[in-house]
Every structure is written in C-alpha cells, then in structure tokens.
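Subject: Structure handover

Hi there,

Here is the structure I promised to pass on. My notes follow below it, with the cut-offs spelled out as each term comes up.

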Amino acid sequence: TTLSRAPVSGSAANTMPDLVSKKNGGKVLMISSLDQGHPGDNIIDGNDSSYWISTGLYPQEILLQLSNPAPVNNVKISTTNVKTVRIESCAEENPVNFKTLAEGDLEESSGRLQLKELPCYGSSEPAAYVKVMILSGWSDFCSVHKVQVE
C-alpha cells in the first residue's frame, strides 16, 4: 500500500512556529520604555500596524518569554529608526544570565519600516527567554512593530 499526502503549498511549507507570539503563549516580560499608547505587548500581537515605541536613551531592552523552551535559530524584527540590535537568550529558569546569539546593523530608512532577519548561532540549548537589545538608533526614538522568534 502507498500512503499519499496532500502537498503543503505556499508559505506554510517552510514556516517555523513563532515561539514568542501572544497567540502561541509568548509574553513580553519587561520593556525599558513605557508609552501607554504603545505597550510592549504590541510587538507580539500579530498586528503589523501596532508597535512599541521607545521613550528614552539607548540602549533599549525588550525581554520576551518563549511559549515553550526551544532552540532559537532565527529572529525576525520589524522596526523603525533602529541602527544596531543584539539578540540574546537565556536557558535558565530565571532570566539572569544571557548569551549573545546574533548582532546586526540596520540601514537608515528615513522612518520607514526596517525588516531584519538575524540568524542565531552559538547556542543549541533550548532558550526560555530572548532579549532584544537596541544598542543604537538613527533617531532619538525607535519603534518595534514585530519580533518573531523561530
């Protein structure tokens, strides 16, 4: 007997689950700036038009709890006015000791949306937490529209 399977088509064929999306159980545990109109949860709510905005100096920090501990292979971010970003992870029960997984620069885009994919190396152990560190910006303020952890 032969088993036949329906082919998987479109983006579902190679899409990895987003380990930090709110609908999958991810959480924003801490943000370094608070603007009541643009809370940190906006970056994981699945809505491209909502965002978190910084209100202070750099560096800025976003601490995320993954829905389940898992190795982090890739982080995708949608931002404005971000110049340099670092991705860190923590495999411990409490988010204390972090390891750098990736760091990258984003091109200046005159306030338009910046999309950056950061392949993560250096840790195959399951991470419980991911920290997005915005080290510098192209402007006094930056925004983060989406963080996706795969």
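Does Asn-81 count as buried or exposed? Asn-81 counts as buried, at 18% relative accessibility, where buried means under 20% relative accessible area, exposed over 50% and partly exposed in between, with a 1.4 Å probe and protein chains only.

Some housekeeping before the rest. This is a predicted model, in which local features need pLDDT of at least 70 and side-chain atom pairs count only at pLDDT 80 or more, while totals for chains, interfaces and linings use all residues. Residues are numbered from 1 along each chain as its sequence is written, and side-chain values use heavy atoms, with hydrogens and water left out.

**Backbone points**

Asn-81 has a positive phi, near 60°, in a residue other than glycine. The loop that holds Asn-81 runs between strand E4 (74–80) and strand E5 (82–90); helices (H or I, at least four residues) and strands (E, at least two) are DSSP runs numbered from the N terminus. Ser-110 is not a glycine either, and its phi is positive at about 55°. Ser-110 sits in the loop between strand E6 (99–105) and strand E7 (114–119), and is exposed, with a relative accessible area of 55%. There is also a cis peptide bond between Tyr-58 and Pro-59, with omega about 5°. Pro-59 belongs to the loop between strand E2 (52–53) and strand E3 (60–70).

**The sheet**

Four strands make an open sheet with antiparallel pairing, in the order E2-E9-E4-E7. Its edge strands are E2 and E7, each pairing on one side only. Two strands pair if DSSP finds at least two bridges between them. Going through the pairs:

- E2 and E9 run antiparallel and are joined by 2 bridges; Ile-53 has Ser-143 of E9 as its bridge partner.
- E4 and E9 pair in the antiparallel sense over 6 bridges, with Ile-77 opposite Val-147 in E9.
- E4 and E7 are antiparallel too, joined by 6 bridges, and Lys-76 stands opposite Glu-117 in E7.

Strand E9 (residues 143–149) is mostly covered, with 6 of its 7 residues buried.

**Ser-33 and its contacts**

Ser-33 lies in the loop between strand E1 (27–31) and E2, and counts as buried at 4% relative accessibility. Its side chain makes a polar contact of 2.6 Å with the side chain of Gln-60. A polar contact is a pair of N or O atoms within 3.5 Å; within protein, one must be able to donate a hydrogen and the other to accept it, and residues adjacent in sequence count only if both atoms are side-chain atoms. A polar atom of the Ser-33 side chain also lies 3.1 Å from the backbone nitrogen of Thr-55.

**Cysteines**

With a disulfide taken as a pair of cysteine sulfur atoms within 2.5 Å, the count is 0 disulfides. Cys-90 is buried at a relative accessible area of 0%, and Cys-142 is buried at 1%.

**The largest pocket**

The largest pocket holds about 180 Å³ of space. On a 1 Å grid over the protein atoms alone, a pocket is an open set of points where a 1.4 Å probe fits, with protein on both sides within 12 Å along at least five of seven lines; lining residues have an atom within 4 Å of a point. Its lining includes Asp-18, Lys-22, Ile-43, Lys-146 and Val-147.

Best wishes

Technical notes: Points joined across faces, edges and corners; volume = space filled by probe spheres on them.
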